[in-house]
Amino acid sequence: MTVTLFHLSDIHFGLEDTRALAWVEECIEAEKPTAVLITGDLTMRARHREFAAACRWISALGPPVTVEVGNHDMPYFNLVERFTDPYRRFRAIEALLEKQLDLPGLAIVPLKTVTRAQWRFPWSNGWITDKALAETLAAIDAVPAGRRVIVTAHHPLTERDPHGKRLTINGTAAMAELAKRKVLAILSGHVHDAFDLTAETPNGPLRMIGAGTLSRRIRSSPPSYNCLTVSDDGIQVCVRNLQDISTPEMQIDKVPENALPPRQPGDPVAPVATVPPTDPPVH
Ligand SMILES: [Fe+2]
Ligand SMILES: [Fe+2]
């Protein structure tokens, strides 16, 4: 059986690309995908009005929707709330969402990759706690035999960049566990560019599929989303965008640290953020 999934990410309500979002809405209305999977960073600064806008948008969609918590979805200005109840604002939309999806022959299982604080800076990078990984693995192990599994997360699981810098803590171990369980793919966002890569683990390969952004905070590609066609042959990925750029051209070939634009020759040493000057640059 073929299942069509729209994989959206990093809409960043508050800095969303309204034209791109209207187009995605039309595509969902016309094509009626089996589900819409949003891999985090629903808002820009976790403001109440940004979550309210996200609620309105998600409520108007027909298919079931899942959303992972992104690093932008925890209070940014209110540190007391960030420490005491970081997911309170996010929970306000959970009534509209599916936590875990059971589709024909396919289960969608979430993996949490954010933490309220870390011993390192920036806090925006991923961290898969032992508890979060255990919950995901238990959910996968409970999926009835014969049903395939796709895992959704905000951060790509890549643990080290080519220079050895640590990206997602515990990502390597998580990838090995997911590969052992033969998951079809891990879907993610966070870096604002699309990719479709295969990681080698001690337990075999793991496919990693990243979606771009639907915000105005772009990295190296225009706003986009992934249309995933899941069949007995596996997953086919199409990176859809308003500029008719082909999927291979839209996809980057390695996972970067964050969503900041890649440096060009002659650029100043400090990278330039694409957010308006009223917002401090963040990852
Ligand atoms: Fe983002
Ligand atoms: Fe993010």
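Trainee: How do β1 and β10 run, and how many bridges join them?

Mentor: Strands β1 (residues 3-8) and β10 (residues 224-231) run antiparallel, joined by 5 bridges. Strands here are DSSP runs of E, at least two residues; helices are runs of H or I, at least four; both are numbered from the N terminus. Two strands pair if DSSP finds at least two bridges between them.

Trainee: Which residue in β10 is the bridge partner of L5?

Mentor: L228. Keep in mind that this is a predicted model: local features need pLDDT of at least 70, side-chain atom pairs count only at pLDDT 80 or more, and totals for chains, interfaces and linings use all residues. Residues are numbered from 1 along each chain as written, chains are lettered from A and ligands numbered from 1 in written order, and side-chain values use heavy atoms, without hydrogens and water.

Trainee: What is the strand order in the open sheet?

Mentor: β3-β2-β1-β10-β11, with mixed pairing. The edges are β3 (65-67) and β11 (234-241), each pairing on one side only.

Trainee: Metals next. What coordinates the iron ion (ligand 1)?

Mentor: D10 (OD), H12 (NE2), D41 (OD) and H192 (NE2), at 2.0 to 2.3 Å. Donors are N, O and S atoms within 2.8 Å of the metal (3.2 Å for Na, K and Ca); water is not among the atoms, so sites may look incomplete.

Trainee: And which are the protein donors of the iron ion (ligand 2)?

Mentor: D41 (OD), N71 (OD1), H154 (NE2) and H190 (ND1), lying 2.1 to 2.3 Å from the ion. Their spacing along the chain is D-x29-N-x82-H-x35-H.

Trainee: Which residue bridges the iron ion (ligand 2) and the iron ion (ligand 1)?

Mentor: D41; the two ions lie 3.6 Å apart. D41 sits in the loop between β2 and α2, and N71 in the loop between β3 and α3 (79-84), so this pair ties together parts that are 30 residues apart in sequence.

Trainee: Is D41 buried or exposed?

Mentor: Buried, at 1% relative accessibility. N71 also counts as buried, at 9%. Buried means under 20% relative accessible area, exposed over 50%, partly exposed in between (1.4 Å probe, protein chains only).

Trainee: Zooming out, how many helices and strands are in the protein chain?

Mentor: 7 helices and 11 strands. Of the 283 residues in the protein chain, 56% are buried.
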